[in-house]
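Please open the model in your viewer and keep the selection panel at hand.

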Amino acid sequence: MTLDTTAINQGMTHFDGQEAIWLFGYGSLIWKAGFPYLERRPAYIHGWVRRFWQGSHDHRGTPEAPGRVATLIRQAGAICHGMAYRITPETLGPLDVREKNGYLRLVTDLHFYDDRDGTGDEEQAEGLVYIATEDNAAFLGDASYHHIAQQIAHAHGPSGPNRDYLLNLAIALRELDVEDPHVFELERLLPPQGR
């Protein structure tokens with residue numbers, strides 16, 4: 001698959017004609033929306049785990065020295081926590097460009113765990129998530145925690161140091177009271193800046 005997935009995503013028509021769409025964020029979208037939204041709520045999806053297995057050639061690294069950013073990997077019984085945004089369809093255009101480095105839109109069921117109406121009932125909605133699967137050109141895949149942490153420590157791209165992405169994600173997950181052993185172990189192994 002091509003490195004730039006913008007055109008593929010813009011050909012998706014599942015939500016055509018709707019006034020608003022839910023979007024699930026599990027990486028930088030948790031702490032750095034950078035787009036207008038109608039509503040923002042903590043949410044989770046079933047069957048996926050967050051992993052730093054996607055290469056970043058355009059934001060947190062370069063083609064010569066890619067960074068590593070989050071994608072989702074299927075895992076039965078897993079739950080991935082993040083942030084959901086209700087957006088207008090026009091917002092998808094800039095998001096497709098932001099997520100162009102191998103990410104494809106996927107329709108998913110979102111579950112909201114903030115009990116707004118006081119009933120204790122869980123709310124659900126259909127929405128979108130951007131996922132970089134193993135068949136995209138920027139996919140780096142699994143490696144040891146030490147190797148991934150070293151790559152993150154040294155990568156830098158137009159959006160800044162790769163380490164900032166990891167550290168901001170870890171902070172955001174703690175603010176959501178979410179345990180993520182993968183993210184927190186990478187944070188622990190990240191060498192001090194300048195080493």
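The stops below go from the strands to the helices and end at a loop. This is a predicted model, in which local features need pLDDT of at least 70 and side-chain atom pairs count only at pLDDT 80 or more, while totals for chains, interfaces and linings use all residues. Residues are numbered from 1 along each chain as its sequence is written, and side-chain values use heavy atoms, with hydrogens and water left out.

**Stop 1: the barrel**

Display the strands first. Helices (H or I, at least four residues) and strands (E, at least two) are DSSP runs, numbered from the N terminus. Two strands count as paired if DSSP finds at least two bridges between them. Five strands form a closed barrel in the order β1-β3-β2-β4-β5, with mixed pairing. From one strand to the next, the twist averages 45°. Angles here run from 0 to 180 degrees between N-to-C directions, and axes are lines fitted to C-alpha atoms, for helices over the stretch in contact.

**Stop 2: strands β1 and β3**

Select residues 21–25, which are strand β1, and residues 67–87, which are strand β3. These two strands run antiparallel and are joined by five bridges. Within this pair, find F24, which stands opposite A84 in β3.

**Stop 3**

Now select residues 39–56, strand β2. Buried means under 20% relative accessible area, exposed means over 50%, and partly exposed lies in between (1.4 Å probe, protein chains only).

β2 pairs with β3 in the antiparallel sense over 15 bridges. Two residue pairs can be picked out here: E39 has R86 of β3 as its bridge partner, and P42 has M83 of β3. On β4 (residues 104–112), two bridges join the strand to β2, and the two run antiparallel. Y44 stands opposite H111 in β4.

R40 is partly exposed, with a relative accessible area of 38%.

**Stop 4: helix α5 over the strands**

Select residues 162–175, helix α5. This helix lies across β2 and β3, and runs at about 80° to β3. Contact here means heavy atoms within 4.5 Å.

**Stop 5: helices α4 and α6**

Select helix α4 (residues 145–154) together with helix α6 (residues 181–189). Their axes come within 9 Å and cross at roughly 65°. That makes α4 roughly perpendicular to α6. By the angle classes, under 35 degrees is roughly parallel, over 145 roughly antiparallel, 65 to 115 roughly perpendicular, and the rest oblique.

Which residues of α4 and α6 meet? Y145, H146, I148, A149 and I152 in α4 meet H182, E185, L186 and L189 in α6. By class, the residues of this contact of α4 with α6 are six nonpolar, two polar and one charged. Ala, Val, Leu, Ile, Met, Phe, Trp, Tyr, Cys and Pro count as nonpolar, Asp, Glu, Lys and Arg as charged, and the others, Gly among them, as polar.

Next, colour the buried residues of α4, which are I148, A149, Q151, I152 and A153. They pack against β2, β3, α5 and α6.

**Stop 6: helices α5 and α6**

Keep α6 and bring back α5. The axes of α5 and α6 come within 10 Å and cross at roughly 130°. The two helices are therefore oblique to each other. L166, L167, L169, A170, L173 and R174 of α5 make the contact with V183, F184, L186 and E187 of α6. The contact of α5 with α6 has eight nonpolar, no polar and two charged residues.

**Stop 7: the loop residue D177**

Finally, select D177, which is found in the loop between α5 and α6. D177 is exposed, with a relative accessible area of 73%. Its phi is near 60°, a positive value in a residue other than glycine. Most residues other than glycine have a negative phi.
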